[in-house]
Amino acid sequence: METISELWDIAAVRHAVISVVFILITVIFWLIYRCIRKSYRKKRDIDEKTRAASSIRSVIYDTIKVSIFLLLVLAILQINGVNVTSLIAGVGVASAVIGLALQDFLKDIIMGIHIMMDDFYQIGDLVKYEDEEGIVEAFNLRSTKLRSIGSGDLITICNRNVSKVSKSSSDIYIHLPLPYDLALGDANALLEKAVESIKECEGIADSTFLGTNNFDDSSVDHLIKVVCEKPDMKLGCRRRALAAIRQTLETEHVDIPYQHVDVHMK
């Protein structure tokens, strides 16, 4: 017992023992946390649509892991007589410098977390980025990948530019100008025929004549709504709907009005 007491009086031995105890307590806490996390994950089936929540859990898991490690290191340094306060101040200055150098990267991470937590969009959604519409194929904390429905190109968007991204509807609205001299009843009958013709097109689930939209200079503007079966078929459905409308107009011998220019010469 005297030998143990003498060893305990030695500062280096005492500090080493306390450090080992801290490490053992931290390891035990970490193992318990991992077991709880693993049992929770087994109870939930994670599919393609719930990857956002899974990514958030991964971020929280990594944050907790790094925080525990840093606290353990600081505690051991403090036990062994290192001035942790000045060390933290130095680390703070270094972090500020690194933050300025990596500010775009940090913006991507922060906005990526916002996208996942706010459910801004999910995989398979149709979104618009600037003038391009595409299907969300994948996204993570740094970037979002879109497959353009027009060209098929894969577009990568940094998450800091999420303010330029908007969620699009798969519905199509077609403006159809008709001449003023076409009677109202004839115009409605023509539009109903066009709608029925559109419904028969491939990839179109439904179509509706919404009514008169505007009185233009040389025509009456009418609005037709087209509902696509799938978001990625939007452009193809629009082309087929326009072809069906043109075929109906030709069958009914109705011309689409266009602007005329009269030139008077002396």
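**Salt bridges and a helix face**

Mentor: E196, K199 and D206 are linked in a network of salt bridges. This is a predicted model, in which local features need pLDDT of at least 70, side-chain atom pairs count only at pLDDT 80 or more, and totals for chains, interfaces and linings use all residues. Residues are numbered from 1 along each chain as its sequence is written, and side-chain values use heavy atoms, with hydrogens and water left out.

Trainee: What is a salt bridge, and how many are there?

Mentor: The term denotes a side-chain nitrogen of Lys or Arg within 4 Å of a carboxyl oxygen of Asp or Glu. By this rule the count comes to 10. In one of them, D108 pairs with R160, the closest N and O atoms being 2.8 Å apart. Because D108 lies in helix α5 (residues 103-118) and R160 in the loop between β4 (154-158) and β5 (165-167), the pair ties together parts 52 residues apart in sequence. Helices (H or I, at least four residues) and strands (E, at least two) are DSSP runs, numbered from the N terminus.

Trainee: Is D108 buried or exposed?

Mentor: Buried means under 20% relative accessible area, exposed over 50%, and partly exposed in between (1.4 Å probe, protein chains only). D108 is buried, at 4%, whereas R160 is partly exposed, at 32%.

Trainee: Which residues of α6 are buried?

Mentor: In α6, these are A187, L190, L191, A194, V195 and I198. Seen down the axis of α6, they fall within an arc of 140°, so they line one face of the helix. The arc is that of the directions from the helix axis to the C-beta atoms.
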